[in-house]
Amino acid sequence: GKSVFIGDFVVSGISQFGFVGDSQVVSSNSMTSDKLTGYIDDIVSQSPDSVYIMVGINDLNYGTRSGENVAERIGSIVESLKEAIPSVKVYVVSLLPITQSFEAKSNVKITQAAIDEANSTLAARATEYGMTFIDIADAFKDESGYLNTDVSTGGYNLNHNYYPFFLNNISGASN
């Protein structure tokens with residue numbers, strides 16, 4: 001079947017590093033749930049069998065949205081996709097953790113607690129939203145519950161050599 005991946009900078013890396021063709025990825029480094037709603041028609045026009053959504057980190061960096069609010073926004077996107085293509089399978093991939101040092105930066109408003117709240121809300125409401133939640137966050141966490149510093153140089157993104165691990169975790173959970 002045809003899959004489409006939509007999301008932020010992590011999703012951009014899927015095509016950037018050659019794991020999936022550009023036509024299957026709808027992404028922007030600054031993607032938010034607000035911006036993603038503007039891409040619904042583009043996604044629907046591709047008639048995908050499955051859609052993988054990973055968005056929310058940039059929403060949380062506004063510092064004005066709770067994890068629960070971000071989850072609700074993602075739920076609305078899922079509902080819009082299901083209305084447009086009733087047969088589509090929608091998978092929402094958990095937000096990945098951030099490093100402690102990234103969270104501590106003065107210009108960063110994201111907290112690991114808000115990421116965890118978004119993920120737990122998405123997990124709890126998956127059936128209600130008509131989606132499958134793929135929780136891969138723990139696979140990337142260290143013993144303190146933050147992003148393992150081995151997988152990221154920036155504190156929030158994935159090093160390119162961790163994309164196979166990332167995609168294998170998604171694939172294993174969606175089969």
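This is a predicted model: local features need pLDDT of at least 70, side-chain atom pairs count only at pLDDT 80 or more; totals for chains, interfaces and linings use all residues.
**Exercise 1.** Identify which residues of the largest nonpolar core touch the most other members, and list the contacts of Val92.

*Solution.* Begin with the core as a whole, which holds 57 residues. Those touching the most other members are Ile6, Ile14, Ile53, Leu81, Val92, Met131 and Phe166. Next, take Val92 and set aside residues up to four places away in sequence; what remains in contact with Val92 is Ile53, Ile74, Val78, Leu122, Met131, Thr132, Phe133 and Ile134.

**Exercise 2.** Describe the geometry of the aromatic pair Phe9 and Tyr156, locate its two members in the chain, and decide for each whether it is buried, partly exposed or exposed.

*Solution.* In the pair of Phe9 and Tyr156, the centres are 5.0 Å apart and the planes make an angle of 90°, an edge-to-face arrangement. Phe9 belongs to helix H1 (residues 9–16), whereas Tyr156 lies in the loop between strand S5 (132–134) and helix H8 (163–174), so that the pair links distant parts of the chain, 147 residues apart. Because buried means under 20% relative accessible area, Phe9 at 14% counts as buried, while Tyr156, at 31%, is partly exposed.

**Exercise 3.** Explain why Tyr163 and Phe166 are separated by about one helical turn, and characterise their pairing.

*Solution.* Tyr163 and Phe166 are separated by about one helical turn because they stand 3 residues apart in helix H8. Their rings form an edge-to-face pair, 5.8 Å centre to centre with 75° between the planes. Both Tyr163 and Phe166 are buried.

Definitions and conventions: Residues are numbered from 1 along each chain as its sequence is written. Side-chain values use heavy atoms; hydrogens and water are left out. A nonpolar core is a set of buried Ala, Val, Leu, Ile, Met, Phe, Trp, Tyr and Cys residues joined through side-chain atoms within 4.5 Å. Buried means under 20% relative accessible area, exposed over 50%, partly exposed in between (1.4 Å probe, protein chains only). Contact means heavy atoms within 4.5 Å. Rings of Phe, Tyr and Trp (its six-membered ring) pair if their centres lie within 6.5 Å; planes under 30 degrees apart count as stacked, over 60 as edge-to-face and the rest as tilted. Helices (H or I, at least four residues) and strands (E, at least two) are DSSP runs, numbered from the N terminus.
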